[in-house]
Amino acid sequence: MLMDKAPIYLDNNATTSCDPRVVEAMLPYFSSHFGNAASRTHLFGWQAEESVDLAREQVAALLGCDKQEIIFTSGATESDNLAIKGVFETYTAKGKHIITCVAEHSAVLDTCRHLEKLGAEVTYLPVNHDGLIDIAALEQAIRPDTILLAIMFANNETGVLQPIGEIGAIAKKHQVLFFTDATQAVGKIPVDVRKLGIDLLALSAHKMYGPKGVGALYIRRRDPRVKLVPQLHGGGHERGNRSGTLNVPGIVGLGKACQLCSDELQQDATRLSGLRDQLEHALLTVSDSQVNGANAPRLPQTTNLSFRQVDSQVMMMGFSAELAISSGSACSSATLEPSHVLRAMGLTDELALSSVRFGLGRFTTQAEIDRAIGIITQAVNKLRQAQALS
Ligand SMILES: *Cc1c(COP(=O)(O)O)cnc(C)c1O
């Protein structure tokens with residue numbers, strides 16, 4: 001099929017394109033600067049180590065922490081696993097109770113389920129209709145043997161922001177560690193680990209205009225100093241927290257991506273929330289539609305909408321060559337199960353299966369939003385007409 005226009009990408013919560021400035025920063029590290037950052041006996045190694053060090057500073061600057069508190073991983077899935085399993089193994093003498101939330105990413109939920117088989121007790125807090133946990137319920141769930149709160153910053157499907165500062169304060173008050181999967185939040189909204197009382201934080205480069213296969217874990221070093229049992233053993237890289245030769249080009253890309261987000265976060269957030277609001281308002285005029293999480297604080301560039309009686313898979317297949325959106329998490333989009341996040345918010349299976357997620361990004365234009373509104377409106381009306389006839 002001949003297309004007169006390039007397809008529109010509004011699935012930036014699944015992954016973003018790599019910013020050309022990030023690619024440019026990475027390129028030398030595939031060729032002339034190919035050294036192993038752990039090589040201490042020559043220039044090639046020193047050069048690589050220096051670049052990794054700069055990247056560590058760039059990540060730390062975005063989060064408001066020290067560079068010694070950042071370790072590099074293969075992405076947020078690994079960071080989630082390392083944080084939760086690492087805390088569980090370290091603090092097992094204090095207790096085996098973990099508190100998390102039903103709307104977490106599968107990298108957190110499946111890790112918790114795995115630990116349950118190894119003796120962990122896990123409380124899965126519910127969310128309300130807007131996708132928020134109840135802070136009082138969280139505090140009540142804390143027991144003397146609670147070792148970790150694992151609550152995500154921004155939901156990947158709805159963009160709903162949990163009250164992270166309040167959770168951090170409760171964690172401090174009860175001397176429980178607080179880990180947050182901030183993969184969707186970092187680079188999109190201000191995230192300051194000190195102000196918010198966060199002890200561990202996971203992020204991923206490919207959700208913030210960096211490359212795939214690289215991420216980081218922030219591990220607090222004072223008040224309190226957090227210790228983790230490593231999950232990968234070997235050469236003792238990353239202060240013993242994560243062995244394996246560093247992905248130098250990826251790390252350089254992550255650092256550059258963080259620096260760009262530090263510089264452009266406010267400008268991107270303002271522009272994208274404007275476009276997101278336009279998209280929402282226009283699509284809400286299509287009858288029988290709703291925004292999920294509408295009354296909660298949300299990311300500036302995400303919206304999740306339901307169109308009653310419209311099968312979102314059928315709808316998306318209809319325009320898949322023109323417009324890329326999704327029905328939730330990319331990890332589960334193959335299963336066609338209704339979203340666990342939307343179900344937890346009280347949507348029926350049917351309504352959850354009538355929902356789509358839009359993730360705008362740095363390269364989204366006004367013209368694309370205008371076109372997307374037309375495409376969706378037409379598709380919803382067409383499917384409803386076809387149904388009325390059948
Ligand atoms: C994408 C995502 C992950 C997984 O990140 P990877 O780097 O792809 O492993 C984890 N948590 C959340 C909230 C995400 O959006």
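Trainee: Before we start, which pLDDT do local features need here?

Mentor: Residues are numbered from 1 along each chain as its sequence is written, and side-chain values use heavy atoms, with hydrogens and water left out. As this is a predicted model, totals for chains, interfaces and linings use all residues, side-chain atom pairs count only at pLDDT 80 or more, and local features need pLDDT of at least 70.

Trainee: Let's go to the ligand. Which residues around the ligand come nearest?

Mentor: A residue is near a molecule or strand if one of its heavy atoms lies within 4 Å of it. Around the ligand there are 13 residues. Those that come nearest are Thr77, Asp181, Gln184, Ser204 and Lys207.

Trainee: What is the make-up of that shell by class?

Mentor: Ala, Val, Leu, Ile, Met, Phe, Trp, Tyr, Cys and Pro count as nonpolar, Asp, Glu, Lys and Arg as charged, and the others, Gly among them, as polar. With that scheme, the shell around the ligand has two nonpolar, three charged and eight polar residues.

Trainee: Which helix gives the most to the shell?

Mentor: Helices (H or I, at least four residues) and strands (E, at least two) are DSSP runs, numbered from the N terminus. The top contributor gives three residues to the shell and spans residues 76–90. That is helix H3.

Trainee: How far is a polar side-chain atom of Ser204 from an oxygen atom of the ligand?

Mentor: A polar contact is a pair of N or O atoms within 3.5 Å; within protein, one must be able to donate a hydrogen and the other to accept it, and residues adjacent in sequence count only if both atoms are side-chain atoms. A polar backbone atom of Ala76 is 2.9 Å from a ligand oxygen, and a polar side-chain atom of His206 lies 2.8 Å from a ligand oxygen. For the side chain of Ser204, the distance is 2.6 Å.

Trainee: And what share of the ligand's accessible area does the protein cover?

Mentor: Accessible areas come from the Shrake-Rupley method with a 1.4 Å probe; for residues, only the protein chains shown count as cover. On its own, the ligand has 380 Å² of accessible area. The protein covers 87%.

Trainee: Why does Thr303 count as buried?

Mentor: Thr303 sits in strand E10 (residues 302–307), and its side chain makes a 2.6 Å polar contact with that of Glu280. Contact means heavy atoms within 4.5 Å, and beyond four places in sequence Thr303 contacts residues including Arg276, Val291 and Phe358. Thr303 counts as buried because its relative accessible area is 0%.

Trainee: Which backbone oxygen does the side chain of Arg276 reach?

Mentor: Arg276 belongs to helix H8 (residues 248–284) and is buried, at 7% relative accessible area. Among the residues that Arg276 touches are Arg298, Pro300 and Leu360. At 2.8 Å, its side chain reaches the backbone oxygen of Thr302.

Trainee: Is Ser306 buried or exposed?

Mentor: Ser306 also has its place in strand E10, and its side chain makes a 2.8 Å polar contact with the side chain of Ser355. With a relative accessibility of 1%, Ser306 counts as buried.

Trainee: Last one: is Arg239 buried or exposed?

Mentor: Arg239 lies in the loop between E8 and H8 and has a positive phi of about 55° although it is not a glycine. Pro224 is in the loop between strand E8 (215–219) and H8, and the peptide bond from Asp223 to Pro224 is cis. At 56% relative accessibility, Arg239 is exposed.

Terms used:
Buried < 20%, exposed > 50% of the residue type's maximum accessible area, 1.4 Å probe, protein only.
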